[in-house]
Amino acid sequence: MNAFNIIIIAAIVVGVVAFVHVMVNKGERERPPWRVKVWLIPLLAILVLIPISFFTIIYFYLMETMSWFNHSVEAFGEGALFTGALLLVFAFLLSEVFIQPLMRAVMSFILKRKPRWAEENIVTIILDTCIIMIIFAIVPSIQLENIQTAFSLSVFIHIIDWLINGAARLLKRK
């Protein structure tokens, strides 16, 4: 693992802790005392970092499998592959929070109605494919064979999302 990978991982961890710190201090209500912040902020940061780590490991193994089977993802070391997976998860989180709601609003404005599920997912898959291409352009030690690899990663991510949402709906019905 080189210095670039360590800096990216540290920046994401520090960013999550800083975000939690800002959210704890935000608001009109009474701010918690310093003694509570000492244990609350790390606990909340860990609760945010656990799903990020879980999905980073899933994407890491997915990209490693793609590299092993058809060499569509070429990485110069496992550290670079892990950093790329972590950047993907972080970029998808930012996209889910900022870019996709804006995209839905623009689509509603253009179509003059709420976009259908299929229309929304097609645009989101294309957007995620662009994000994957940008992330792998940023990380110099990971190279994609072509845009089809980024597209298949994006579709796989959406299949996971559909499965999770379907399971949540089934659990909600019971």
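Start by selecting Glu 120 and Arg 104, whose side chains meet in a salt bridge at 3.1 Å, N to O. A salt bridge here is a side-chain nitrogen of Lys or Arg within 4 Å of a carboxyl oxygen of Asp or Glu. Glu 120 lies in helix H4 and Arg 104 in helix H3, so the pair ties together parts that are 16 residues apart in sequence. Helices (H or I, at least four residues) and strands (E, at least two) are DSSP runs, numbered from the N terminus. Glu 120 is buried, at 18% relative accessible area, while Arg 104 is partly exposed, at 28%. For these words, buried means under 20% relative accessible area, exposed means over 50%, and partly exposed is in between (1.4 Å probe, protein chains only).

A note before you move on: this is a predicted model, in which local features need pLDDT of at least 70 and side-chain atom pairs count only at pLDDT 80 or more, while totals for chains, interfaces and linings use all residues. Residues are numbered from 1 along each chain as its sequence is written, and side-chain values use heavy atoms, with hydrogens and water left out.

Next, pick Arg 113, Arg 116 and Glu 119. Glu 119 pairs with Arg 113, with the closest N and O atoms 3.0 Å apart, and with Arg 116 at 3.6 Å, N to O. Glu 119 is partly exposed at 23% relative accessibility, as is Arg 113 at 32%, whereas Arg 116 is exposed at 52%. The structure holds 3 salt bridges.

Now go inside. Select Met 63, Val 73, Leu 88, Ile 132, Phe 136, Ile 142 and Leu 153, the residues with the most contacts inside the largest nonpolar core, which has 35 residues. Such a core is a set of buried Ala, Val, Leu, Ile, Met, Phe, Trp, Tyr and Cys residues joined through side-chain atoms within 4.5 Å. Helices H1 (3-25), H2 (34-70), H3 (78-111), H4 (117-138) and H5 (147-173), along with strand S2 (142-144), each supply at least two residues of this core. Its largest share, 10 residues, comes from H2. In soluble globular proteins, nonpolar side chains tend to be buried together.

Stay on Val 73 and show its surroundings. Apart from neighbours within four places in sequence, Val 73 is in contact (heavy atoms within 4.5 Å) with residues including Met 63, Leu 81, Ile 142 and Thr 149.

Then click on Ser 154 in helix H5. Ser 154 is buried, with a relative accessible area of 0%. Its side chain reaches the backbone oxygen of Ile 125 at 3.1 Å. Not counting residues up to four places away in sequence, Ser 154 touches Ile 125, Asp 128, Thr 129 and Ile 132.

Phe 76 is exposed, with a relative accessible area of 58%. Beyond its neighbours within four places in sequence, Phe 76 is in contact with Ser 141 and Gln 143. Draw a distance from its C-alpha atom to that of Asn 165, 89 residues apart along the chain, and you will find 35 Å.

Finish with Leu 44 in helix H2, which counts as partly exposed at 30% relative accessibility.

Definitions and conventions
Polar contact = N/O pair within 3.5 Å; in protein donor to acceptor, adjacent residues only side chain to side chain.
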